[in-house]
Amino acid sequence: MRVVYSVEEVEIPKGVNVSIEKTGPFDYVVKVKGPLGELVKEFRNTPVVINVHDGKIVLEVFDARKKEYAILGTYKGILKNMFLGVTKGWRYKLKIIYTHFPVLAKVQGSQLVIENFLGRKSKITLDIPKGVKVEVKGKEDIVVEGIDRELVGTFAASIQAATELHGDERPSPHGREGTLGVVDGIYVVGVEHIKA
């Protein structure tokens, strides 16, 4: 199935500046600048034509197959997230859950250090990406903030993945089978904007 022509438009919010540079026959660099900062996104080898017109970003595909047509919706979502990032920001909330051994999390320089996970002596260290702010609140809450949703969300997911247990590492408590098993870990519990 081919779509002869399809177009999507994304409204540029007030106070946001957008510049689009065509760097190759199918490559674009989109810069979005707002009150909270600037985001730059590269769209490489894309079948979508990206332009700015009348305060909107216009995304067009010509003679597109199903996959190329689907990219329109993806790009629209990426651009909306960029606009929300530079105007409102992104905040991911994580919760530290433990039953026996208290898990200690702290920010040391440009790293998040997780200690005493399941009573282990080894530490889990994660490098905090540039543009991401991490704060440990109390003994059970971690907050990850930034303007790039992809970067912030990926780092929050990597914190959760670092404390996930798989296979034989996930024993059943007290030897009982068929139960939840060990629930210790750090879990993403919410996503919200920094500015309302």
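Select glutamate 115. It counts as buried, because its relative accessibility is 15% (buried means under 20% relative accessible area, exposed over 50%, partly exposed in between, with a 1.4 Å probe and protein chains only). At 52% relative accessibility, lysine 123 counts as exposed. The two side chains meet in a salt bridge, 3.4 Å from N to O. A salt bridge here is a side-chain nitrogen of Lys or Arg within 4 Å of a carboxyl oxygen of Asp or Glu. By this rule the count comes to 13 salt bridges.

This is a predicted model: local features need pLDDT of at least 70, side-chain atom pairs count only at pLDDT 80 or more, and totals for chains, interfaces and linings use all residues. Residues are numbered from 1 along each chain as its sequence is written, and side-chain values use heavy atoms, with hydrogens and water left out.

Next, select Arg91, Lys93, Lys133, Glu145 and Glu192. Salt bridges that share partners join these residues into one network. Zoom in on glutamate 145 and arginine 91. Their side chains form a salt bridge at 2.6 Å, N to O. Glutamate 145 sits in strand S12 and arginine 91 in strand S7 (residues 90–97), 54 residues apart. Both are buried.

Move to lysine 93 and glutamate 192. Their closest N and O atoms are 3.5 Å apart, in a salt bridge. This pair also links distant parts of the chain: lysine 93 is in S7, glutamate 192 in strand S13 (residues 185–192), 99 residues apart. Lysine 93 is partly exposed at 35% relative accessibility. Glutamate 192 is partly exposed too, at 31%.

Now colour strands S11 (residues 132–137) and S12 (residues 141–146). Strands are DSSP runs (E, at least two residues), helices likewise (H or I, at least four), numbered from the N terminus. S11 and S12 run antiparallel, joined by six bridges; two strands pair if DSSP finds at least two bridges between them. Valine 132 stands opposite glycine 146. Three residues separate the strands of this hairpin, and glycine 138 in the turn has a positive phi of about 65 degrees.

Last stop: which residues line the largest pocket? Select Leu39, Val40, Lys41, Ile78, Asn81, Met82, Ile147, Asp148, Arg149 and Glu150. Strand S4 (37–43), helix H1 (66–87) and helix H2 (149–162) each supply at least two residues of the lining.

Definitions and conventions. On a 1 Å grid over the protein atoms alone, a cavity is a set of points where a 1.4 Å probe fits but cannot get out, and a pocket is an open set with protein on both sides within 12 Å along at least five of seven lines; lining residues have an atom within 4 Å of a point.
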